[in-house]
Amino acid sequence: MNLSQRLRAKTLERYQLPPEQCDDAQLFHALMAVTQQLAAARPAPAGARKLYYFSAEFLMGKLLSNNLLALGLFEEARELLAGMGRSLSALEEQEREPSLGNGGLGRLAACFLDSIAALGLNGDGVGLNYHYGLFRQKFQDLKQHEEPDPWLEAESWLIPTGRSFSVPFGGFTLQAVLYDIAIPGAHTGTAGRLHLFDVERPAPAPAHGIAFDKGDIPHCLTSFLYPDDSDQAGQLLRVYQQYFLVSAGAQLILAQLEERGFSPETLSQHVAVQINDTHPSMVIPELIRLLLERGLSMEAAIEQVSHTCAYTNHTILAEALEKWPLSFIETVAPQLLPILRELDRRARARSDDPRTAILYGEGRVHMADLDIHFGYSVNGVAALHTEILKHTELKPFYDLYPEKFHNKTNGVTFRRWLEVCNPALSDFLTARIGPGWKTDPAALEELLALEGDDAALEELLAIKRANKERLCRALRARQGVELDVESIFDIQVKRLHEYKRQQMNALYVIYKYLEIKGGRLPARPITVLFGAKAAPAYEMAKHIIHLILSLQALIDADPQVRPWLRVVMVENYNVSWAEQLIPACDLSEQISLASKEASGTGKMKFMANGAVTLGTLDGANVEIAQLVGPENIYTFGASSQEVIRLYQEGSYRSLEHYHRPGVEYLVDFLVSPELLSVGDPAALAALWRDMKHKDYFMALLDVEDYISVKERALAGYEDRPAWARKMLFNIAKSGYFSSDRTIAEYNRDIWRLH
Ligand SMILES: *Cc1c(COP(=O)(O)O)cnc(C)c1O
């Protein structure tokens with residue numbers, strides 16, 4: 001049966017209606033069911049060793065288009081619906097984004113699942129089935145408010161498996177019920193799985209906001225991703241979540257090993273486990289525990305697990321390196337304590353450097369240390385990041401185990417982030433260089449032949465303009481804002497964190513506002529778009545959102561400035577917003593403090609969609625700069641070495657930078673009568689004081705250089721043919737950042753699945 005016949009059969013069966021007479025919701029659900037059945041019917045890829053990718057989050061985005069594409073039905077679906085006077089994008093309005101992830105780490109996991117499937121590798125994801133996500137962001141009184149973000153309906157992408165595992169907590173046991181999402185591989189005929197564990201009787205959503213009874217583990221364990229851990233109940237809940245994930249996941253691994261006909265003694269030969277950041281690190285002692293139960297000796301169990309598990313480090317921010325108190329483990333999973341003590345003993349026998357111990361003096365378990373000692377691979381996520389790990393952050397470990405360290409520069413799937421989200425550009429690429437780039441994004445380099453082709457460059461500009469118009473329509477519909485499509489679209493979308501320095505971008509807005517107020521108009525209007533969620537307990541991040549929203553309100557109400565400068569913060573930034581924003585971007589803001597952004601993947605999506613990067617030499621920006629050359633990127637700011645030195649010496653003094661004449665008036669604007677007339681004086685003053693006296697992520701160190709380089713970028717935009725060439729270069733060189741390339745490297749150097 002072709003897609004048309006399948007869809008007809010489905011709508012007749014479900015609604016006793018032909019597709020033409022179904023409404024969008026019915027048609028969406030029927031198409032989802034057809035797609036899901038086709039994906040679920042596909043076999044798993046072959047392979048002697050099977051990968052399990054453990055992650056606290058998977059930021060999947062909507063799945064309909066992506067799955068149709070992987071099934072080879074995307075064009076057929078588009079044409080079929082068009083023939084009925086309908087559109088795929090209208091149907092997708094019916095789809096809810098799964099609330100299973102929140103930021104770059106989760107989106108990386110989702111891109112990886114897509115690439116693992118597309119490369120026909122035998123690998124599955126393992127995660128938790130959160131019901132209400134991180135939160136849904138609402139703006140009220142120029143501030144962020146948090147609501148539950150439910151995504152599960154009677155019908156969803158989840159496939160019940162009928163399978164469950166008992167997870168033994170201290171004092172009680174919970175069943176972990178397994179659901180799967182099928183992940184079809186593009187051009188393979190096979191499919192992987194995302195395995196999601198849930199409690200049996202999940203709690204309903206809180207009536208107001210996202211506060212709930214954090215002590216009600218049996219019902220609330222899977223309610224939220226990263227529940228607020230500013231109190232002890234919240235911290236304990238996170239440990240319960242982590243142990244639930246790894247215990248159920250480890251049991252699944254051993255059950256499937258047995259089903260494949262292999263004995264537990266051969267675990268490492270037949271299984272690879274990738275630990276995505278430290279949240280799933282307890283999988284190491286848990287696998288050891290389960291192997292002991294199955295009769296292996298401690299020696300043999302440790303040997304097997306040490307050749308099964310591999311660890312990816314995602315950050316050098318101290319706050320993110322988990323160190324749980326032993327007392328928490330004692331409460332949540334007391335059965336792990338003897339194993340952790342044994343692992344600590346062995347680690348200390350290997351090195352007398354106390355920095356590599358697993359159990360710290362004050363009774364804490366250092367999760368990353370566990371991974372490094374008892375995993376066989378440690379990888380960073382961009383070249384610079386891996387170098388910092390080897391020579392600074394994890395130096396004592398690198399001295400001990402140099403052979404374990406790898407770099408695996410992150411990537412993104414070009415199927416979602418180019419083919420699906422930017423059909424106009426995809427069609428252009430295929431018309432100009434053929435369809436080879438779809439299976440091998442490195443082929444985008446063939447675009448370089450068009451460097452002198454004026455018609456091609458004109459067309460690129462026209463496509464960008466059309467995507468900007470599409471974004472304007474979305475913003476009008478969803479947020480009621482009206483934007484000038486002729487203005488330059490300058491976009492910073494990512495989680496809100498001081499190290500990402502949205503506050504520095506806000507200082508640029510203040511600079512430009514005051515320039516315009518002083519009669520110095522820009523060559524062309526500028527639209528500065530932001531999108532970001534702040535962690536609910538992260539005060540300073542919330543103050544920065546308030547600053548941006550206050551600037552937005554101030555400018556919107558100012559008829560002198562508004563025609564020249566706009567600030568728009570999209571509400572509830574998520575994958576669906578990203579898919580609209582990224583194709584419409586002219587200037588991609590990647591302005592983290594050098595050394596702090598491990599890689600960044602948003603920048604790769606922007607690059608592939610023809611945006612030009614304005615960035616520091618941080619994370620994967622370094623590799624972008626090397627690929628495109630200095631003509632095709634705008635870089636600024638202190639180097640990672642300078643920044644690392646400032647931290648080591650403790651010699652950064654924000655007040656000295658504040659007192660520079662180009663800086664002080666910008667920072668002081670935070671507490672100016674103009675801004676205080678729209679914003680909350682307490683929040684703005686707190687942010688002002690912090691910038692002036694602390695500025696831990698050194699926005700004031702780089703702000704002047706940032707402003708002058710940004711001005712140069714905006715001036716560069718006015719030479720339209722030259723800008724179009726920069727766009728072309730960026731697209732042409734973006735193929736390196738395909739997650740297919742990243743995953744091929746993981747497989748070659750770490751997983752060795754076949
Ligand atoms: C890609 C992506 C991210 C990661 O962005 P960075 O700029 O790398 O931090 C976060 N959120 C969403 C929705 C994304 O699509």
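Guide: What follows is a set of questions about labels and the values behind them.

Visitor: What kind of model is this, and how are residues numbered?
Guide: This is a predicted model, in which local features need pLDDT of at least 70 and side-chain atom pairs count only at pLDDT 80 or more, while totals for chains, interfaces and linings use all residues. Residues are numbered from 1 along each chain as its sequence is written, and side-chain values use heavy atoms, with hydrogens and water left out.

Visitor: What share of the contacts with a separation of 6 or more joins residues 24 or more positions apart?
Guide: The share is 75%. Contact means heavy atoms within 4.5 Å.

Visitor: Into which domains is the chain divided?
Guide: There are domain 1 (1–41 + 62–96), domain 2 (42–61 + 97–408) and domain 3 (452–733). The bounds come from an automatic or database domain assignment. Taken over C-alpha atoms, the centres of domain 1 and domain 3 are 39 Å apart.

Visitor: Why is Q16 called exposed?
Guide: The label follows from relative accessible area: buried means under 20%, exposed over 50%, partly exposed in between (1.4 Å probe, protein chains only). Q16 has 59% relative accessibility, so Q16 counts as exposed. Q16 sits in the loop between α1 (3–15) and α2 (24–40). Its phi is near 55°, a positive value in a residue other than glycine.

Visitor: D695 is also in a loop. Is D695 buried or exposed, and why?
Guide: D695 is at 3% relative accessibility, so it counts as buried. Its loop runs between α30 (681–693) and α31 (699–717). Phi of D695 is near 50°, again positive in a residue other than glycine.

Visitor: How much of the chain counts as buried?
Guide: Of the 754 residues, 65% do.

Visitor: What makes A39 a buried residue?
Guide: A39 has 1% relative accessibility, so the label is buried. A39 is in helix α2. Leaving aside neighbours within four places in sequence, A39 is in contact with L71, A182, P184 and A191. A39 and G185 are 146 residues apart in sequence, yet 8.8 Å apart in space, C-alpha to C-alpha.

Visitor: Why is Q36 called buried?
Guide: Q36 has a relative accessible area of 17%, so it is buried. Q36 too is in helix α2. Its contacts, leaving aside neighbours within four places, are S156, W157, L158 and I159. From Q36 to L158 the C-alpha distance is 9.1 Å, across 122 residues of sequence.

Visitor: How do you know that Q503 is buried?
Guide: The relative accessible area of Q503 is 4%, so Q503 is buried. Q503 is in helix α21 (residues 502–517). Not counting residues up to four places away, Q503 touches H497, E498, I544, M691 and A699.

Visitor: What covers the buried residues of helix α11?
Guide: The cover includes α9 (267–270), α10 (283–293), β9 (309–312), α13 (337–350) and α14 (367–374). The buried residues of α11 (residues 298–306) are A301, I302, Q304, V305 and S306.

Visitor: What makes a space a cavity?
Guide: On a 1 Å grid over the protein atoms alone, a cavity is a set of points where a 1.4 Å probe fits but cannot get out; lining residues have an atom within 4 Å of a point. By this rule there are eight cavities of 30 Å³ or more.

Visitor: Which residues line the largest cavity closest to its centre?
Guide: Of the 15 lining residues, M60, L63, N66, A110 and D114 are the closest. Helix α6 gives the largest share, five residues. Domain 1 and domain 2 each supply at least three.

Methods:
1 Å grid on protein atoms, 1.4 Å probe; cavity = no way out; pocket = protein on both sides within 12 Å on 5 of 7 lines; lining within 4 Å. Points joined across faces, edges and corners; volume = space filled by probe spheres on them. Helix = DSSP H or I, 4+ residues; strand = E, 2+ residues; numbered from the N terminus.
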